[in-house]
Amino acid sequence: MAKAPVLTPRAVDFPRWYQDLIAKAELADNGPVRGTMVIRPYGYGLWERMQAEMDARIKETGTQNAYFPLLIPQSYLAREADHVEGFAPELAVVTHGGGKELEEPAVVRPTSEMIVNEYFAKWVQSYRDLPLLINQWANVVRWELRPRLFLRTTEFLWQEGHTAHATYEDARDFAARIHRRVYEDFMVNVLAMDVVPGRKTVKERFAGAVNTLTLEGMMGDGKALQMATSHELGQNFAKAFNTSYLSKDGTQELVWQTSWGSTTRMIGALVMMHGDDSGLRVPPRLAQIQAVVLAIKGDEAVLAKVHEVGDRLRAAGIRVHVDDRTDTPFGRRAVDWELKGVPVRVEIGPRDLADGTAMLARRIPGGKEPVALDALAGLLPAILEEDQALLLRQARERRESRTADVSTLGEAVEVATAGGWARIPWADLGPEGENALAEHAATVRCLVAADGSVPEAEDAPGNVAVVARAY
């Protein structure tokens, strides 16, 4: 009898494969309240590496980290009509505390534009206080009706940036800078994710924004996933909260603002873009463990050697874990590390020791080969970079092969329904066609210019709509 696969094959049931992998790679569990999740240490380690990489890029823009309260007075939300309308169905509201009814209900933070502006209005007095650039790493709650671990959960982790500027141009340029130099740079160069940068349509914009920039990725089943967004808020929130400053000319002016965010959804994207039927494939630049050194048997000489090799690899700048749990069968351990997507396994047993070699298993391209023990530290850095580049190339080739240029709504629907992306001139689709897509569970993921750049306006000549089904 054939041995049952560790994971449901992707081609058989992609959603089940995803759930299997999340559980068996020990990334997360469902929480006790519907829609919540417990992020397990291996999954949280991925998030910590994402945090570190993005935090460094965010700080390079001059932005500083801060923290704002989880509970927000309900009255704050009513100050910006589009914003409250956009979030009303997802709100969690606290009405009792300390054993009695609260004088004013408090909303559990769905996003922080409202409370941030309350304090920006206090902190900004003069043009000398601008630009004000703030980011926070926090959790948010949005009541989710159809939860899925990492992709859509009632509570999730994220970073949210909030900035205030003296001019529209400064705010616009800063939103674009975050979009490209923080998010796109991180996703392409660390996550090895092929993403399409674009502009959201009015229908798909963030509630209260005048423009939303997005990065869209194609998952393994052809569906799209919104990876991160950067919003121009104009003066909408400044008007609602009277966030103003005294200009150099001595006039009182409203600030121009941005907000931008990325979430633990990126872990789900990592699974769906790079995973295969054997589990995760973690990009080497992201991996908290780039190489695991495994002792095949509990021989004293073998155990000594795996620790020695581990030390050498660490000295070469590689993030290493030594697996000397020889009371657990080697095959089981090898499968577990493959599920977790560690880029490289270095397997050492008595025979390898006698030959002065180790068996090198590469998770990303697959395959094994013997390598001289003394050569490992010199070889692995280049191998890890090769595999990083391979992941990005594979993701890009998948998107390009499954994207079609079309000219009619019907053709766009046909491509999206078949698990691909359609590119259609926005002038041919328009808002009416966009509304019609909803009948087929498809959306305009973003608008791009004819040359693939981000359009300066929704109605710019030559804009192309990217149409797909999405998570």
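Visitor: Between which helix and which strand is alanine 192 found?

Guide: This is a predicted model, and in it alanine 192 is found in the loop that runs between helix H6 (168–189) and strand E9 (195–199).

Visitor: Is alanine 192 buried or exposed?

Guide: Alanine 192 counts as buried because its relative accessible area is 0%, and the cut-off for that class is under 20%.

Visitor: Where does glutamate 26 lie, and what is its phi?

Guide: Glutamate 26 lies in the loop between helix H1 (14–24) and strand E1 (28–30), and although it is not a glycine, it has a positive phi of about 60°. Its relative accessibility is 34%, so glutamate 26 counts as partly exposed.

Visitor: Which form, cis or trans, does the peptide bond from leucine 130 to proline 131 take?

Guide: In general, most peptide bonds are trans. The bond that leads from leucine 130 to proline 131 is cis, with an omega near -5°, and proline 131 is found in the loop between helix H5 (113–123) and strand E7 (132–141).

Visitor: What does the side chain of glutamine 290 reach?

Guide: The side chain of glutamine 290 reaches the backbone oxygen of proline 284, at 2.9 Å. Glutamine 290 itself is found in the loop between helix H8 (265–274) and strand E15 (291–295), and it counts as buried because its relative accessibility is 9%.

Visitor: In what order do the three strands of the open sheet stand, and how are they paired?

Guide: As a general idea, strands of a sheet pair through backbone hydrogen bonds, and the pairing may be parallel or antiparallel. Here the three strands form an open sheet in the order E4-E6-E5, with antiparallel pairing. Strand E4 (71–73) and strand E5 (93–97) are the edge strands, each of which pairs on one side only, and from one strand to the next the twist averages 50°.

Visitor: How many bridges join E5 to strand E6, and which residue is the partner of glycine 97?

Guide: Four bridges join E5 to strand E6 (residues 100–108), and the two run antiparallel; the bridge partner of glycine 97 is lysine 100, in E6.

Visitor: What is the volume of the largest pocket, and which residues lie nearest its centre?

Guide: The largest pocket has a volume of about 1,500 Å³. Its lining is made of 50 residues, and those that lie nearest its centre are Glu90, Arg142, Arg152, Gln226 and Arg265. Elements that each supply at least two residues of this lining include helix H4 (81–87), strand E8 (155–165), strand E11 (224–234), strand E14 (256–263) and strand E22 (443–448). By residue class, the lining of the largest pocket divides into 20 nonpolar, 15 polar and 15 charged.

Visitor: Which element gives the most to the lining of the second largest pocket?

Guide: Helix H6 gives the most to that lining, with five residues, while H6, strand E10 (211–218) and E11 each supply at least two. About 320 Å³ of space lies in the second largest pocket, which is lined by 15 residues, with Arg172, Arg199, Glu232, Pro455 and Glu456 nearest its centre. The lining of the second largest pocket divides into seven nonpolar, three polar and five charged residues.

Methods
Residues are numbered from 1 along each chain as its sequence is written. This is a predicted model: local features need pLDDT of at least 70, side-chain atom pairs count only at pLDDT 80 or more; totals for chains, interfaces and linings use all residues. Side-chain values use heavy atoms; hydrogens and water are left out. Buried means under 20% relative accessible area, exposed over 50%, partly exposed in between (1.4 Å probe, protein chains only). Two strands pair if DSSP finds at least two bridges between them. Axes are lines fitted to C-alpha atoms, for helices over the stretch in contact, and angles run from 0 to 180 degrees between N-to-C directions. On a 1 Å grid over the protein atoms alone, a cavity is a set of points where a 1.4 Å probe fits but cannot get out, and a pocket is an open set with protein on both sides within 12 Å along at least five of seven lines; lining residues have an atom within 4 Å of a point. Grid points are joined across faces, edges and corners, and a volume is the space filled by probe spheres set on the points. Ala, Val, Leu, Ile, Met, Phe, Trp, Tyr, Cys and Pro count as nonpolar, Asp, Glu, Lys and Arg as charged, and the others, Gly among them, as polar. A polar contact is a pair of N or O atoms within 3.5 Å; within protein, one must be able to donate a hydrogen and the other to accept it, and residues adjacent in sequence count only if both atoms are side-chain atoms.
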